[in-house]
Amino acid sequence: MNKSLPQMATSEFDITLPSIRLVQKWIKEKATVEFKLMTGDLIIGKVFWQDHTCISVIDANNEQFTIWKQAIAYSKPQTEVVTERSLVPMEEGKAKMANIDS
C-alpha cells in the first residue's frame, strides 16, 4: 500500500488584490510608510519586500524589520505637510491671500 503524504496548502500571492498592489506601489516609489502595529508600536520606513504573510521595512537607521501582516493595525504613507491657502475677496474687486495660520 503506497500512501502519499497530504499536500500542504499554499497561499498564492494574489497581485490583483488592491492591498498587494498598494504595497508594491510603495516599494516602487520608495515611499516612507508608517505601520501601526496591533501592539501599539509604530514602525516608520521604506518597504523593502512583501510576500503573502510578511512585509519587510527598512527604517531611517538602516535597520530591517519583518512584520507579520496580521500584526498591522494600519499603514499609511507619510506625506509632506502642506498649508492650504485660499483667496479672499477684498473691496474694489481685488483679492488678498487668506491667512489660515491664525
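**Ground rules.** I count two strands as paired if DSSP finds at least two bridges between them. Helices (H or I, at least four residues) and strands (E, at least two) are DSSP runs, numbered from the N terminus. The model is a predicted one, in which local features need pLDDT of at least 70, side-chain atom pairs count only at pLDDT 80 or more, and totals for chains, interfaces and linings use all residues. Residues are numbered from 1 along each chain as its sequence is written, and side-chain values use heavy atoms, with hydrogens and water left out.

**Entry 1: the sheet.** I began with the pairing of β2 and β3, which is antiparallel and runs over 4 bridges. Within that pair, lysine 46 has isoleucine 58 of β3 as its bridge partner. I followed the chain from β2 to β3 and found a hairpin with 3 residues as the link.

Next I asked in what order the strands form the sheet. I read off β4-β3-β2-β1-β5, an open sheet of 5 strands with antiparallel pairing. β4 (64–68) and β5 (72–77) are at the edges with a single partner strand each, so one side of each has no neighbour in the sheet. On average, neighbouring strands are turned by 45 degrees against each other, direction ignored. For angles, I use axes that are lines fitted to C-alpha atoms, for helices over the stretch in contact; angles run from 0 to 180 degrees between N-to-C directions. A reminder to myself: strands of a sheet pair through backbone hydrogen bonds, either parallel or antiparallel.

I then looked at β1 (residues 32–37) and β2 (residues 42–50), which run antiparallel and are joined by 5 bridges. Phenylalanine 35 stands opposite isoleucine 43 in β2. Between β3 and β4 I again found antiparallel pairing, over 5 bridges.

**Entry 2: what is covered.** I sort residues by relative accessible area: buried is under 20%, exposed is over 50%, and partly exposed is in between (1.4 Å probe, protein chains only). In β3, 4 of the 5 residues are buried, so this strand is largely enclosed by the rest of the structure. I also checked helix α1 (residues 18–29), which lies across β1, β2, β3 (54–58) and β5 and runs at about 95 degrees to β2.

Entry 3: Is glutamine 50 buried or exposed? I found glutamine 50 buried, at a relative accessible area of 10%; its place is in strand β2. For touching, I use contact, meaning heavy atoms within 4.5 Å. Leaving out residues up to four places away in sequence, glutamine 50 touches Phe13, Ile20, Val23, Gln24, Ile27, Ile55 and Lys69.

I looked for polar contacts too (a pair of N or O atoms within 3.5 Å; within protein, one must be able to donate a hydrogen and the other to accept it, and residues adjacent in sequence count only if both atoms are side-chain atoms). The side chain of glutamine 50 makes one with the side chain of lysine 69, at 3.1 Å. The glutamine 50 side chain also reaches the backbone oxygen of isoleucine 20, at 3.0 Å.

Tryptophan 68 lies in strand β4 and counts as exposed, with 53% relative accessibility. Cysteine 54 has tryptophan 68 as its bridge partner in β4. Apart from neighbours within four places in sequence, tryptophan 68 is in contact with Thr53 and Cys54. I noted 9.9 Å between the C-alpha atoms of tryptophan 68 and glutamine 50, which are 18 residues apart along the chain.

**Entry 4: two loop residues.** Lysine 30, in the loop between α1 and β1, has a positive phi of about 55 degrees although it is not a glycine. I put lysine 30 down as exposed, at 58% relative accessibility. Asparagine 62 lies in the loop between β3 and β4 and is exposed, with a relative accessible area of 65%. The hairpin of β3 and β4 has 5 residues between the strands, and there asparagine 62 takes a positive phi near 65 degrees.
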